[in-house]
Amino acid sequence: MSGFPPLTNEERAVYEWQIWVPEFGEAGQEKLKDASVLVSRCGGLGSVVAYELAAAGVGKLVIAHAGNVKPSDLNRQLLMTHDWLGKPRVESAERRLKELNPRLEIEAIPENICEENAEKIVQKVDLIVDCAPLFPERYAMNRQSVLQRKPLIECAMYDLEAQLTTFIPGQTGCLACLFPHDPPAWKREFPVFGAVSGTVGCMAAMEAIKVLSGLGQPLANQLLMFDLRDMTFHRNRIMQRTECSVCKKLEI
Amino acid sequence: MKIVVEYTAQVKKAAGLSREDFQVIEGCTLQELVKQVAEKHDATLKSILFPDSEELHPSILLFVADQQVLWSESLTLQPDQVVMILSPISGG
């Protein structure tokens with residue numbers, strides 16, 4: 001007995017091919033079924049993260065994203081559809097995820113993460129995948145990741161470039177160690193192809209699957225950077241700052 | 001001696017290229033190299049790296065031979081090392 005909820009025959013049939021993955025197996029699938037993940041937001045990155053986690057059989061997704069579907073979302077936000085233009089993004093996302101996996105439990109929150117709502121929303125999940133386009137949202141999730149000791153997958157893109165790392169409280173630094181200050185050069189609107197946000201979204205989903213199931217080695221204390229313009233990939237060591245204003249002050 | 005400098009994201013955009021070689025004197029420190037990089041390029045790059053003072057903006061990360069190095073550390077560079085100057089991104 002693994003202590004996790006057993007798979008149904010339908011789940012064994014759906015996840016058969018990934019259960020074949022060495023060191024994952026049925027025990028790994030049961031861990032995913034028992035897990036809950038926050039994906040914020042569900043844009044170019046978060047749409048793909050949520051879709052892959054729904055496909056992989058994560059038991060519960062909490063998705064947070066304010067606003068209605070706009071035409072300019074549709075080049076990359078794969079959970080948004082043309083027929084849902086002008087309607088809430090989270091409704092479109094929930095509908096698409098349910099089409100893929102009707103067993104999935106979804107809590108769709110029509111808000112972006114902020115300092116005021118982050119604590120309550122993060123309490124609902126085991127792990128956070130940060131797909132926010134603005135650093136204040138990222139810092140709010142980071143703070144709760146540290147306070148509630150929940151892993152945080154940090155993924156981001158710009159143009160044809162992307163960055164990815166995994167923070168695990170107690171084992172790594174945090175986002176404020178990596179970027180102690182809100183970068184003044186970052187702007188809300190940025191150049192993006194859906195294939196770039198989708199690439200790093202798939203990688204972030206795999207990081208979440210690894211952390212939740214214990215498969216492989218997550219990108220702890222390392223920052224993966226790549227540029228699809230010339231297909232260069234770097235994996236660099238990153239540090240925990242001894243004077244970090246978040247993890248060194250808040251960690252219990 | 002030669003040092004290879006690589007750029008990412010907005011720093012790359014401001015520099016106008018993804019990597020270039022710098023000739024520096026023996027014993028050159030990381031700080032001296034980054035200041036040399038800022039002086040070589042136009043004002044846009046300098047405004048990202050050093051917006052307020054002679055101190056590198058804290059959101060800019062430095063890596064030497066794939067290891068993060070803080071601006072405050074006094075690191076002497078070795079011949080043919082690769083230095084990466086990274087600006088944070090948040091596209092979602």
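Tutor: Helix α9(A) is mostly covered, with 15 of its 20 residues buried. Buried means 20 or more other C-beta atoms within 10 Å of the residue's own, exposed 12 or fewer, and partly exposed in between, with C-beta atoms placed from the backbone. Helices (H or I, at least four residues) and strands (E, at least two) are DSSP runs numbered from the N terminus. The model is predicted, so local features need pLDDT of at least 70 and side-chain atom pairs count only at pLDDT 80 or more, while totals for chains, interfaces and linings use all residues. Residues are numbered from 1 along each chain as its sequence is written, and chains are lettered from A and ligands numbered from 1 in the order in which they are written.

Student: What is the mean pLDDT of chain B?

Tutor: pLDDT is the predictor's confidence in each residue, from 0 to 100. In chain B, 100% of the residues reach 70 or more, and the mean is 95.

Student: How far apart are the end C-alpha atoms of α9(A)?

Tutor: The expected span of a helix is 1.5 Å times one less than its number of residues. For the 20 residues of α9(A) this gives 28 Å, and the distance in the model agrees, because its end C-alpha atoms are apart by 28 Å.

Student: How many residues of chain A are in contact with chain B?

Tutor: Two residues are in contact if their C-beta atoms, placed from the backbone, lie within 7 Å. Chain B brings 17 residues to the contact, and the number from chain A is 31.

Student: Which elements give two or more residues to the side of chain B that touches chain A?

Tutor: By class, that side has seven nonpolar, nine polar and one charged residues. Here Ala, Val, Leu, Ile, Met, Phe, Trp, Tyr, Cys and Pro count as nonpolar, Asp, Glu, Lys and Arg as charged, and the others, Gly among them, as polar. The elements of chain B that give two or more residues are α1 (9-15) and β4 (67-68).

Student: Is Ala9(B) buried or exposed?

Tutor: Ala9(B) is found in helix α1 of chain B and has a positive phi of about 50 degrees although it is not a glycine. Because 27 C-beta neighbours lie inside 10 Å, Ala9(B) counts as buried.

Student: Which residue in the turn between β7(A) and β8(A) has a positive phi?

Tutor: Strands pair if DSSP finds at least two bridges between them. Six bridges join β7 (222-227) to β8 (232-237) of chain A, and the strands run antiparallel. They form a hairpin with four residues between them, and the turn residue with a positive phi, about 60 degrees, is Met231(A).

Student: Where is Arg41(A) placed?

Tutor: The peptide bond from Ser40(A) to Arg41(A) is cis, with omega near -5 degrees. Arg41(A) lies in chain A, in the loop between β1 (36-40) and α4 (44-56).
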